[in-house]
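Hi everyone, thanks for coming along.

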Amino acid sequence: MKTELNRLPFMVTIISKSPEDTFSLGEQWSKELEAGWVIGLDGDLGAGKTQLVKGLAKGLNIKETITSPTFTLASEYEGNLKLDHLDFYRLENDKQISDCGLEPYLNPEGIAVIEWYCRWDGPKPAYLRQATITHISENERQICYEDFSS
Ligand SMILES: Nc1ncnc2c1ncn2[C@@H]1O[C@H](COP(=O)(O)OP(=O)(O)OP(=O)(O)O)[C@@H](O)[C@H]1O
Ligand SMILES: [Mg+2]
């Protein structure tokens with residue numbers, strides 16, 4: 001059983017005023033979450049999903065440069081915890097995601113972060129932080145997130 005202390009029992013909304021704010025939030029999340037968690041990120045193109053992943057990677061002490069796995073579908077990085085970075089943009093539904101062999105990432109060894117998580121319509125991962133990033137202005141984003149664990 002994972003620590004319940006880390007789990008937020010309600011939806012959190014924050015306003016990011018810059019790419020650096022979003023990066024810092026990712027860094028903060030890397031300290032809050034434990035192995036086994038999936039972070040599902042949604043939001044338009046350019047919302048800041050990958051920016052958040054870069055902060056997450058920094059927080060996990062990953063030295064490699066994070067690039068968007070839009071074409072490769074999944075990238076794996078070694079840090080304090082293993083970080084799997086996925087992008088479901090090009091996939092339509094849970095069947096296509098499973099057919100591509102990506103379903104095991106929903107039960108990760110370390111942390112898995114998935115851009116365009118909304119494409120997955122299968123069962124929720126056992127430990128999920130689900131976040132939506134919305135454009136407010138050129139440099140401002142609203143970030144809403146909620147934790148689920150079963
Ligand atoms: N507050 C902010 N938070 C995050 N990014 C911001 C913010 N303000 C401006 N930006 C800019 O928005 C862009 C976000 O790009 P990013 O690649 O992270 O988006 P994305 O959500 O991953 O898009 P995609 O769906 O194409 O993968 C960057 O150019 C970043 O500098
Ligand atoms: Mg991206």
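Which side chain meets K82 in a salt bridge? E76 does, at 3.1 Å from N to O. By salt bridge I mean a side-chain nitrogen of Lys or Arg within 4 Å of a carboxyl oxygen of Asp or Glu.

Before I go on, a word on the ground rules. This is a predicted model, where local features need pLDDT of at least 70 and side-chain atom pairs count only at pLDDT 80 or more, while totals for chains, interfaces and linings use all residues. Residues are numbered from 1 along each chain as its sequence is written, chains are lettered from A and ligands numbered from 1 in the order in which they are written, and side-chain values use heavy atoms, with hydrogens and water left out.

Back to K82. K82 is buried, with a relative accessible area of 15%, whereas E76 counts as partly exposed at 44%. Those words have cut-offs: buried is under 20% relative accessible area, exposed is over 50%, and partly exposed is in between, using a 1.4 Å probe and protein chains only. K82 also forms a salt bridge with D84, with the closest N and O atoms 3.0 Å apart. D84 is buried too, at 2%. Elsewhere, E32, R129 and D147 are joined into one network by salt bridges that share partners.

The whole structure has seven salt bridges. One of them pairs E140 with K17, whose closest N and O atoms are 3.4 Å apart. E140 sits in the loop between β6 and β7, and K17 in the loop between β1 (12-16) and α1, so this pair ties together parts that are 123 residues apart in sequence. On accessibility, E140 is partly exposed at 25%, and K17 is exposed at 55%. The element names come from DSSP runs, numbered from the N terminus: helices are H or I with at least four residues, strands are E with at least two.

Now to the metal. Which residues coordinate the magnesium ion, ligand 2? They are T50, through OG1, and E115, through OE, at 2.1 Å. T50 lies in helix α2 (residues 49-59) and E115 in strand β5 (residues 111-115), so here the pair ties together parts 65 residues apart in sequence. Both T50 and E115 are buried.

Eight of its eleven residues are buried, among them T50, L52, V53 and L56. The cover over the buried residues of α2 includes α1 (19-32), β2 (38-42), β4 (82-87), β5 and β6 (127-135). Just after the helix, N61 takes a positive phi of about 70°. In the loop between β2 and α2 we find G48, which is buried at 16%. Leaving out residues up to four places away in sequence, G48 touches T22 and I133, where contact means heavy atoms within 4.5 Å.

What about the interior? The largest nonpolar core has 24 residues, and W29, I39, L41, L83 and V113 have the most contacts inside it. α2 gives the most to this core, with four residues. A second, separate core has 15 residues, including L91, Y105, A112 and L128. A nonpolar core here is a set of buried Ala, Val, Leu, Ile, Met, Phe, Trp, Tyr and Cys residues joined through side-chain atoms within 4.5 Å.

Last, the rings. There are three aromatic pairs, counting rings of Phe, Tyr and Trp (its six-membered ring) with centres within 6.5 Å; planes under 30 degrees apart are stacked, over 60 edge-to-face, and the rest tilted. W37 and Y127 have ring centres 5.7 Å apart and planes at 45°, so the pair is tilted. W37 is in the loop between α1 and β2 and Y127 in strand β6, 90 residues apart. Both W37 and Y127 are buried.

Two charges also sit over ring faces: K124 over F148, at 4.3 Å from the ring centre, and R129 over W29, at 5.0 Å. For that, NZ of Lys or CZ of Arg must be within 6 Å of the ring centre and within 35 degrees of the ring normal.

Methods:
Donors are N, O and S atoms within 2.8 Å of the metal (3.2 Å for Na, K and Ca); water is not among the atoms, so sites may look incomplete.
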